[in-house]
Amino acid sequence: MQQPRYFYDSWHDITSSPGWFVTILKLALVLLIPIFGAIVVYGYLYTWARERAWGINQPMPRRIFENKDGKLYSRGGLIFIISIIVAAVSSLFLNIDMLASVTRISQMLAYSPQSFSDPNVMFSMLPLYVVPHSGLFGMVVSVILTIVGWIMSMRIAIYDSFNAGFRLDKVWKMLTHNILGILKVWLVSFIATVVVTIIGSIVACLIVIIPLVVFFAMSGATVNAAIAAIFLIIPLVLLAVYVAMVFGMIENALVIRALGYWTETFNVPEWGSYAEPLPFEKDEAAQRL
């Protein structure tokens with residue numbers, strides 16, 4: 001099967017959907033609701049990605065709570081649990097790695113204080129003491145866990161079963177069979193995160209700063225104006241947070257849609273139960289006969 005153009009195809013699917021930006025705005029509003037909002041958003045986006053994985057090319061549903069197959073909340077809830085587990089394990093590895101880095105540096109200070117008095121010795125020891133525990137290992141593990149979490153979530157979306165997501169043997173086989181594709185999806189995620197963070201931060205700051213500058217220019221820098229600005233800044237900050245969430249929602253929709261395209265490469269209509277071999281496994285077994 002021809003590899004999809006993950007960014008282009010996903011972005012086209014989003015922006016060609018009728019009323020797509022209003023849908024994104026509504027999803028960001030729903031996400032403001034603790035826990036329930038995340039469950040609904042996961043259910044909505046992964047259901048749309050599930051359709052793509054089955055080869056069904058439908059635009060983004062305009063109704064967030066449409067729940068056509070009756071699985072919106074259960075599907076979103078299971079994927080929400082997966083996201084919590086992956087985030088917790090990733091955080092654990094990052095913290096352990098950073099703690100190891102601090103420990104190694106402390107040991108270098110305690111047992112080799114002369115290394116900091118001689119620049120040549122110090123720089124020669126850095127690769128041995130600092131680089132292996134610089135947090136890089138934790139970041140690599142975090143990326144791997146993120147990708148594994150994506151695949152687990154897509155399997156849950158396909159089968160509507162928690163057990164399907166935790167068939168780690170199948171998850172690993174899918175990962176290694178089309179590793180180039182999933183790395184492209186991760187690259188889409190990375191680039192989208194950078195772009196969204198930069199643009200979203202700038203826009204959010206401008207939302208807060210510009211009205212305050214105009215306000216003080218018109219009212220003057222007085223005590224009463226400062227008190228009034230406190231009441232003005234609260235809704236501005238809330239608006240800025242919401243705008244940042246809108247940008248983040250675009251990123252989430254893009255990445256999860258791309259996951260749908262990646263999963264489609266595994267010929268989903270030919271899948272059996274979650275424990276059965278995948279089509280490419282059957283093909284490989286047949287070739288060995």
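The side chain of Arg75 makes a polar contact with the side chain of Asp160 at 2.8 Å; a polar contact is a pair of N or O atoms within 3.5 Å, where, within protein, one must be able to donate a hydrogen and the other to accept it, and residues adjacent in sequence count only if both atoms are side-chain atoms. The model is predicted, so local features need pLDDT of at least 70 and side-chain atom pairs count only at pLDDT 80 or more, while totals for chains, interfaces and linings use all residues. Residues are numbered from 1 along each chain as its sequence is written, and side-chain values use heavy atoms, with hydrogens and water left out.

Arg75 sits in helix α4, which spans residues 72–111; helices (H or I, at least four residues) and strands (E, at least two) are DSSP runs, numbered from the N terminus. Arg75 counts as buried because its relative accessibility is 1%, where buried means under 20% relative accessible area, exposed over 50%, and partly exposed in between (1.4 Å probe, protein chains only). Leaving aside residues up to four places away in sequence, Arg75 touches Thr47, Arg50, Asp69, Ala157 and Asp160; contact means heavy atoms within 4.5 Å.

Charged pairs come next. Side chains of opposite charge can pair when their charged atoms come close. The structure holds nine salt bridges, each being a side-chain nitrogen of Lys or Arg within 4 Å of a carboxyl oxygen of Asp or Glu. One of them joins Asp169 and Arg167, with the closest N and O atoms 2.7 Å apart. Asp169 is partly exposed at a relative accessible area of 33%, and Arg167 is partly exposed at 24%. Elsewhere, salt bridges that share partners join Asp69, Arg75 and Asp160 into one network.

Asp9 forms a salt bridge with Arg5, the closest N and O atoms being 3.5 Å apart. Asp9 is buried, with a relative accessible area of 14%, whereas Arg5 counts as exposed at 53%. Asp13 meets Arg257 in a salt bridge of 2.9 Å, N to O. Arg257 lies in helix α10 (residues 223–264) and Asp13 in helix α1, so the pair ties together parts that are 244 residues apart in sequence. Both Arg257 and Asp13 are buried.

Ile191 belongs to helix α9 (residues 179–219) and counts as partly exposed at 45% relative accessibility.

Finally, the whole chain can be described. The protein chain has eleven helices and zero strands, and buried residues make up 39% of its 289 residues. The accessible surface comes to about 15700 Å², of which 71% belongs to carbon and sulfur atoms; accessible areas come from the Shrake-Rupley method with a 1.4 Å probe, and for residues, only the protein chains shown count as cover.
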